[in-house]
Structure formats: structure tokens, C-alpha cells
Amino acid sequence: MTSLQKYNVAVVGATGAVGEKILDSLNNKQIPINQLLLLSSKRSAGTEIEFQGTTYTVQEAKPESFEGIDIAFFSAGGSVSKKLAPEAVKRGAVVIDNTSAFRMDPEVPLVVPEVNAQDIKNHNGIIANPNCSTIQMVAALQPLKEKYGLSRIVVSTYQAVSGAGNEAVDELRDQAKAFLNGEEMESNILPVSGEENHYPIAFNALPQIDVFQDNGYTFEEMKMINETKKIMHDESMKVAATCVRLPFFTSHAESVYIEVDTEGLTAADVKEALSKAPGIVLQDDPNNQVYPTPLTAEGKTDVFVGRVRKDLDNDKGFHLWIVSDNLLKGAAWNSVQIAEATIQNNWLKK
Ligand SMILES: NC(=O)c1ccc[n+]([C@@H]2O[C@H](COP(=O)([O-])OP(=O)(O)OC[C@H]3O[C@@H](n4cnc5c(N)ncnc54)[C@H](OP(=O)(O)O)[C@@H]3O)[C@@H](O)[C@H]2O)c1
């Protein structure tokens, strides 16, 4: 296949928070599309969605939907991917999966193009898109790893409600309205839909994202730890994470402490490496109160870094503040970048 070719593209979960942004990203990336197929559950089948001037009717996703599809983006939850991604691959499609279903499968490349695009060529039909909070962190840390070495990461996240899907966005909006009207806040989704207890997110902070594991970490925290090692090809890297949900709609922020291998570096050295890195925008000018925030990062595809400081006690320690739109670089944009790299390098078919 050549880059002049047009592709039949399916989006599974097209009516969801990530699916909507995949369509926006496909628009901006201009992957040449022959046929576009928009899929959802039975609930939204029949919904009409406009893309590049054409109105498409959303259809229920079934195994036979993937006949003739070249590239299928999946963002409809892990169980849907587990069931339907192999069906799509069986019919000749390459699947780019946004869920956690295949991320830690040794046969499946887990890709952030700025870090490990070369891994794509080893795919067997499925390429996994990492967790949103992992993507922005590894994109910002890879240039530092390459230049100065990296042995330890300790991250605390400040994550937006859209990371938990459109229902969580609605829940925050409804709770905020209720609170300001002096009414009781109803909690049915967060911290984890399907768990027994739910707590208000409006005017609150929830130190639980996804379910708890036996070791006391949440699944989101373990995703950040394990996925970082896999993407950076470094099982010996020391990684710890604390993931917290906060009441804003879009973009995750992260306070990240790192230990590099090189002695005697300054914050200016770290900033210099970041300022030249692809997809990274340095916003760091304390004298003029310049630093990234979730609101300023919203709608943008870059990863923004600010508040770069040298640790006061450890010569090899540095602190950074990393912010990016969780639905774009954290999900849709990264998957469309993967598709683009796959096409450009002729890696679509094995
Ligand atoms: N939000 C993020 O920041 C983010 C980032 C990275 C990865 N992800 C992952 O991406 C996936 C989707 O997340 P989201 O935030 O977009 O969720 P969402 O807003 O709740 O949307 C879910 C989408 O999946 C569809 N769906 C549900 N059940 C289905 C089924 N049985 N068959 C086919 N389609 C089905 C829904 O269709 P209906 O309209 O018919 O219900 C909807 O289009 C999740 O696995 C999530 O972990 C999310």
C-alpha cells in the first residue's frame, strides 16, 4: 500500500467522548478515507453524525461490520475490544485500540509515536494506545531519558472527569448545578462506575481512579507503572504513581518527580532538552506566572511542560508539571498519529 491510497476506516465507540475526538483528529490529520463506518452499541444505532460534509448513520457494531475495513479505531470499552477486535483482524483490518484490553499483551505494541513508533512494525493486527495519563508523561520524559538517562519516576496526577467518559462529564455538571442551588448531589458514576460506593466529584477530589488491586494501588496507577516500562523498553525503571480525579472537564495535569543518571545538571539543561522535543511545548516562566493549566491545554494536541525545578536535596532529582488534553494526545490524537505512522511506513499489512 502507498500513502496515495485511500482507506476504509471504522470507528467503534463513535458516539463516545474519545470517538468524537477521533473523528475530529481524522479531520485534522487528513488520513485519506475511502469509506467511513461509525459504530456504537444498539443504544445509539441510528444516530446521525456529520463528517467532512457527509452525514453518516451510526450502526450497531457486529463481527461482520468489519468486512473490507483497513483501519479500525476502537474506543468502546475493554470488553467490546476483546470481543470484536479479533473479529476485525480476522477480516483483514489493523485495529488501533484505546482500551486496556491488549496493552500489556507481549504480542501487542503499545505506542506513543514520539517515543517508540518503531514498535508498530511488530504488530499482528492490533496496536494498543496507552492510558491517557501515561501517554503525556512518557512523551515529556523520553527526551530527558535519551539525553540524560532516567532511573526513577514518582507521579501524582490531577485528572479530568472526561477521562471516565461522557457519563462522568454529565455527573459533574449535574452535581455542580445541584450544589450551587442548595440541593443534594446525586452520585452514580464516580469514582468507578460499577463499584458499590459512589462519591461526589463536584467541589471534591477522589483518590481512586479505577478499581483497587491487591497491592493497594489502583488499576490506573498500575497502568501508569507497567505501561511506562513497556513503552520506554526499561523494566528496571523505578515508577510510582498516585492517581486523583478532580472536578474539571478536560486535560490531565501531573506533578512528576524524576531522577536522571547524569550528575550536575541544572533546570536550564532539562528545559533545553524539552524545548527541542517533538510534540512538547515548554511553558515555564515563573517571573511572568507562565505555566500550563488544564484549561489552556484543552483542545490542543501537544504536551505542555512547566514548573521545571531541580530538587533541593538530590543532585539528580527534578520536578516537572505536565499537562495535556486527555481526549486528544491522551487518546484520539495519539491513535490517529499511530495510524498515520503505520500508513507512512507501509506497516499496515505484515
Ligand atoms: N476518556 C478518556 O480520556 C480515555 C482515554 C483513553 C482511553 N479511553 C478508553 O476508551 C474507551 C471509551 O472511553 P470514552 O471515554 O469514549 O467512553 P464513553 O464516552 O462512555 O463512550 C463509550 C462508547 O462506546 C460505545 N459502546 C458501549 N458499549 C458498546 C458495545 N457493546 N458495542 C459497541 N459500542 C459500544 C458507546 O456507544 P453508545 O452511545 O451506544 O453507548 C460509546 O460510543 C474506554 O475503554 C476508555 O477506558 C478513554
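**View 1. Strand 1 pairs with strand 6.** Strand 1 (residues 7-12) and strand 6 (residues 71-74) run parallel and are joined by 4 bridges. V11 has F73 as its bridge partner in strand 6. Strands here are DSSP runs of type E with at least two residues, helices are runs of H or I with at least four residues, and both are numbered from the N terminus. Two strands count as paired if DSSP finds at least two bridges between them. This is a predicted model: local features need pLDDT of at least 70, side-chain atom pairs count only at pLDDT 80 or more, and totals for chains, interfaces and linings use all residues. Residues are numbered from 1 along each chain as its sequence is written, and side-chain values use heavy atoms, with hydrogens and water left out.

**View 2. Strand 9 has partners in both senses.** Strand 9 (residues 150-159) and strand 11 (residues 252-260) pair in the antiparallel sense over 8 bridges. There, L150 is bridged to V260 of strand 11. Strand 9 also runs parallel to strand 10 (residues 238-245), again with 8 bridges. In this pairing, S156 has T242 of strand 10 as its bridge partner.

**View 3. The ligand shell.** The ligand is surrounded by 26 residues, the closest being T15, A17, V18, S41 and S44; a residue is near the ligand if one of its heavy atoms lies within 4 Å of it. By class, the shell holds 9 nonpolar, 16 polar and 1 charged. Ala, Val, Leu, Ile, Met, Phe, Trp, Tyr, Cys and Pro count as nonpolar, Asp, Glu, Lys and Arg as charged, and the others, Gly among them, as polar. Helix 1 (17-29) and helix 9 (328-344) each supply at least two shell residues.

**View 4. Polar atoms facing the ligand.** A ligand oxygen is 2.6 Å from a side-chain N or O atom of T15. For the side chain of N326, the distance from a ligand oxygen to an N or O atom is 3.2 Å. A polar backbone atom of G13 is also 3.2 Å from an oxygen of the ligand. Taken alone the ligand exposes 900 Å², and the protein buries 77% of that. Areas come from the Shrake-Rupley method with a 1.4 Å probe; for residues, only the protein chains shown count as cover.

**View 5. E220 in helix 6.** E220 is found in helix 6 (residues 219-231). Its relative accessible area is 4%, so E220 is buried (under 20%; exposed is over 50%, partly exposed in between; 1.4 Å probe, protein chains only). Its side chain makes a polar contact with the side chain of N131 at 3.2 Å. Such a contact is a pair of N or O atoms within 3.5 Å; within protein, one must be able to donate a hydrogen and the other to accept it, and residues adjacent in sequence count only if both atoms are side-chain atoms. Residues up to four places away in sequence aside, E220 touches N131, S133, Q159, I209, D210 and C243; contact means heavy atoms within 4.5 Å.

**View 6. A339 in helix 9.** A339 sits in helix 9. It counts as buried because its relative accessibility is 1%. Leaving aside neighbours within four places in sequence, A339 contacts I31, F73 and I96. Its C-alpha atom is separated by 9.7 Å from that of L26, 313 residues apart along the chain.
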